[in-house]
Amino acid sequence: MRPAAFITGITGMAVVAGLLLAGEARLGGGTAGEETASAEETATAAADAAPEAGERATISDDRAEMIARSVEPTAPPSPMSGPVSGDGGAPKPVDAPQQAEKPTRQTASPAAKKPMELVRPMVENAGILSFGERRLQLAGIVPTPVDRICGPAGRQWPCGMMAKTALRLLLRNRSISCDLETVEWKETVTTACRLGTEDLGSWLADNGWAEPTAGSPLTSAAEKARQAGKGLYGDDPRRH
């Protein structure tokens, strides 16, 4: 080989190698420059995005909603969910809350009346019976005073005493049944009393020995006795 050709070949190879090295250096420097520039831009953007001291930060509605959802507390466990048993079984149900206690203080209702047997009633007049210091007034009638006088002038008679005697003869110290709340009542109470199945108030009204109270269901019976001239509405029975 000629010397001139050999030298030319070596020179060409050297030039190609130099060009390759120069290109590689440029490529490496450009990438580093770009990475440096990206880091600087990121830092600058972060600094620009951060609010300065004393400046109120703003946030969009969507962003605020996302943050609120992310920090929303977990829903409380169901009332049926209880501590899991050690053997891994189903959770034990939590005891249901007890019902609110009803007020212990309630309005006391009056005691219902019921038939009670009373022995040896004393007749004070045609309408009132006595048991020691306690008294019973028969319901539906006006008691006839013992000192009442009936009849026209010249033919008057002690109808009040006769009415008392008629009721006393009916009872003859036999036990009676009266509607009461308790046998330990005090003073005077008004109620219905019976001798067997005979209502004493009705008996007095039917025989004219007592007048009915206003609105009494015995009004009709007393009116029939008046029309028939019985008891207080008739003549002295001693004349018959």
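This is a predicted model: local features need pLDDT of at least 70, side-chain atom pairs count only at pLDDT 80 or more; totals for chains, interfaces and linings use all residues.
Biologist: Why is D236 called buried?

Modeller: The relative accessibility of D236 is 4%, and buried means under 20%, so D236 counts as buried. D236 is found in the segment after α5 (219–228).

Biologist: What makes the pair D236 and R238 a polar contact?

Modeller: The side chains of D236 and R238 are joined at 2.8 Å, and the cut-off for such a pair of N or O atoms is within 3.5 Å. The pair therefore counts as a polar contact.

Biologist: How do you know that β4 and β7 pair?

Modeller: 4 bridges join β4 to β7, and pairing needs at least two, so the two strands count as paired. They run parallel, and R135 stands opposite T188 in β7.

Biologist: Why are β2 and β7 placed at the edges of the sheet?

Modeller: The open sheet has 4 strands in the order β2-β3-β4-β7, with mixed pairing. β2 (122–125) and β7 (188–191) each have a single partner strand, so one side of each is left without a neighbour in the sheet. Neighbouring strands of this sheet are turned by 30° against each other on average, direction ignored. As for helices, α3 packs on the sheet by touching β2 and β3, and its direction makes about 165° with that of β2.

Biologist: Which residues touch the most other members of the largest nonpolar core?

Modeller: They are L129, I176, L200 and L204, in a core of 32 residues. Among the elements, α3 gives the most, with 6 residues. Leaving aside neighbours within four places in sequence, the contacts of L129 include L136, L138, L167, L171, I176 and L200.

How values were computed. Residues are numbered from 1 along each chain as its sequence is written. Side-chain values use heavy atoms; hydrogens and water are left out. A nonpolar core is a set of buried Ala, Val, Leu, Ile, Met, Phe, Trp, Tyr and Cys residues joined through side-chain atoms within 4.5 Å. Buried means under 20% relative accessible area, exposed over 50%, partly exposed in between (1.4 Å probe, protein chains only). Contact means heavy atoms within 4.5 Å. A polar contact is a pair of N or O atoms within 3.5 Å; within protein, one must be able to donate a hydrogen and the other to accept it, and residues adjacent in sequence count only if both atoms are side-chain atoms. Axes are lines fitted to C-alpha atoms, for helices over the stretch in contact, and angles run from 0 to 180 degrees between N-to-C directions.
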